[in-house]
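Subject: Handing over the structure, with notes

Dear colleague,

I am passing this structure on to you, and you will find it just below. Please look through it first and then read the notes that come after it.

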Amino acid sequence: MQPEPDCRLCGLCEGRTNIVLPDGNLQSHVVFVGEAPGENEDLQARPFIGKSGKMLEGMMNDAGFQRSDVMITNTVKCRPPKNRDPTEEEMAACRPFLESELSGRSLVVGLGKSACRDLMGYEGKMRDVVNKIVRIRIGETEVDFLPTYHPAACIYNKEARTMLREAMDIVRGKL
Ligand code: URA
């Protein structure tokens, strides 16, 4: 299930250039879920291809796997204005697409607060849950959920970098 090319289910349609659909190995049992497309992603219709994407890909490679080994997507498929966090309403409007993307997978990696809020219903500090796998239900599917830092947080935060790197090792062990 995918959004229609002219999807208008939420207000993000007003500012988008492109709808950004999942990328990587669409059959992988491991899925990374980010927050929302940024400027580069909106222009090129591919998730995680800007600065955060370079950080994410570099860490995957350091851990011994490739971006093409996993599926990569976002909680919402259109860029929020000025890269603000997606709202509850916007995430709810996009949720059926996310649920269909995650259906039948075994490990879902939540990159940062928005993904953890959307999928785990978690509103607290990332440091209290980071890299602790929990079992959650997403639609009809029960998955292992690995909450971790967003790669953007790793650009200036060494602790986040260490933890995201550790998350990549956990993923590597499950591929
Ligand atoms: N940040 C995200 O959360 N997703 C992207 O696709 C790019 C940057």
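This is a predicted model: local features need pLDDT of at least 70, side-chain atom pairs count only at pLDDT 80 or more; totals for chains, interfaces and linings use all residues.

Residues are numbered from 1 along each chain as its sequence is written, and side-chain values use heavy atoms, with hydrogens and water left out. Helices (H or I, at least four residues) and strands (E, at least two) are DSSP runs, numbered from the N terminus.

The ligand

Which residues surround the ligand? They are Gly34, Glu35, Ala36, Glu41, Pro47, Phe48, Asn74 and His150, each counted as near if one of its heavy atoms lies within 4 Å of the molecule. Among the polar contacts (pairs of N or O atoms within 3.5 Å; within protein, one must be able to donate a hydrogen and the other to accept it, and residues adjacent in sequence count only if both atoms are side-chain atoms), a backbone N or O atom of Glu35 lies 2.7 Å from an oxygen atom of the ligand. In the side chain of Asn74, an N or O atom is 2.7 Å from a nitrogen atom of the ligand, and in the side chain of His150 such an atom is 2.8 Å from an oxygen atom of the ligand. Taken alone the ligand exposes 240 Å², of which the protein buries 92%; accessible areas come from the Shrake-Rupley method with a 1.4 Å probe, and for residues only the protein chains shown count as cover.

Helix α2

The 13 residues of α2 (residues 51–63) should span 18 Å at 1.5 Å a residue, and the end C-alpha atoms are 19 Å apart, which agrees; the expected span is 1.5 Å times one less than the number of residues. The buried residues of α2 are Ser52, Gly53, Leu56, Met59, Met60 and Ala63, where buried means under 20% relative accessible area, exposed over 50%, and partly exposed in between (1.4 Å probe, protein chains only).

Helix α5

In α5 the buried residues are Ala160, Met163, Leu164, Ala167, Met168 and Val171. Seen down the axis, they fall within an arc of 150 degrees, so they line one face of the helix, while the face turned away carries the exposed residues Lys158 and Gly173. What covers the buried residues of α5 includes β2, α2, β4 and β6 (141–148).

Residues in loops

Phe48, one of the residues around the ligand, sits in the loop between α1 (39–44) and α2 and has a positive phi of about 50 degrees although it is not a glycine. Phe48 is buried, with a relative accessible area of 5%. Lys82, in the loop between β3 and α3 (88–102), also has a positive phi, near 50 degrees, but Lys82 is exposed, with a relative accessible area of 79%.

Terms used
The arc is that of the directions from the helix axis to the C-beta atoms. Contact means heavy atoms within 4.5 Å.
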